[in-house]
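Please view the structure first.

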Amino acid sequence: MSVSPFTRPFLDLAPIRGATGVVQLPGSKSVSIRALLLAALAEGETRLTGLLDSDDTRVMRGALQACGVSLVDEGEQGLRVMGSARFPVQQADLFVGNSGLSIRTLVAVLAFMQGRYRLSGVPRMHQRPIGDLVEALRPLGASIRYEQEQGFPPLLIEPATARVAGAVRVRGNASSQFLTGILQSAPLLAREQDLVIEVEGELISKPYIDLSLELMRRFG
């Protein structure tokens, strides 16, 4: 007659000396969104592995595809991105959901693609400020118009005009995503002349800026 182990008052567990194995951690949203955009801007093919599958990363993937960027899903093996300094599609209506990092990096990059793009999201997105970023980009020649309330999405981006000489100034206590957006657009702007970014006041969320810079270095 067998006895069920669940009828015993206690269960002895022998001590173990160690354990081995491999733990696959989920990807980082912050890294995934930055890497997707950088891969889209890098000339030639980039293969990304370990990307996080989330609402925000799907937003970025959808926006890049709407801009004509080729994304080939290889399942668990990763994603192949065919990049270019100029996106193939020069006019698109992009939905960014509620992804703050996606819209703030896309706005900065699309501002210098010499196309016409509209960016909108869920109602909550239209309550999230983006004015500091827009005002920082305008001296660089960016042509960005608010379609509803000043300082907030939805936005209409049109071809950039002549760039004003001088440094770009960003408040250090504003969202680090504003500075990240300008940094990710820097490869486009620095082709013509050096880009100098000045941070006014103490820089908050510095680890996120360090992350942006390190990813840019890895892309060359």
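## Cavity and helix packing

Val170, Arg171, Gly172, Ala174, Ser175, Ser176, Leu179, Val199 and Leu203 line the largest cavity. A cavity is a set of points on a 1 Å grid over the protein atoms alone where a 1.4 Å probe fits but cannot get out; lining residues have an atom within 4 Å of a point. The volume of the largest cavity is about 30 Å³. Strand E8 (168-171) and helix H5 (176-189) each give at least two residues to its lining. Helices (H or I, at least four residues) and strands (E, at least two) are DSSP runs, numbered from the N terminus.

The model is predicted: local features need pLDDT of at least 70, side-chain atom pairs count only at pLDDT 80 or more, and totals for chains, interfaces and linings use all residues. Residues are numbered from 1 along each chain as its sequence is written, and side-chain values use heavy atoms, without hydrogens and water.

| Helix pair | Axis distance | Angle |
|---|---|---|
| H1 (29-41) and H2 (55-66) | within 9 Å | roughly 10 degrees |
| H1 and H5 | 10 Å | about 15 degrees |

Axes are lines fitted to C-alpha atoms, for helices over the stretch in contact, and angles run from 0 to 180 degrees between N-to-C directions. H1 and H2 are therefore roughly parallel (under 35 degrees). H1 and H5 are likewise roughly parallel. Arg34, Leu37, Leu38 and Leu41 of H1 contact Thr180, Gln184 and Leu188 of H5 (heavy atoms within 4.5 Å). On the H2 side, Lys29, Ser32, Ile33, Leu36, Leu37 and Ala40 of H1 meet Asp56, Thr57, Met60, Arg61 and Leu64.

Conventions:
Angles under 35 degrees count as roughly parallel, over 145 as roughly antiparallel, 65 to 115 as roughly perpendicular and the rest as oblique. On a 1 Å grid over the protein atoms alone, a cavity is a set of points where a 1.4 Å probe fits but cannot get out, and a pocket is an open set with protein on both sides within 12 Å along at least five of seven lines; lining residues have an atom within 4 Å of a point. Grid points are joined across faces, edges and corners, and a volume is the space filled by probe spheres set on the points.
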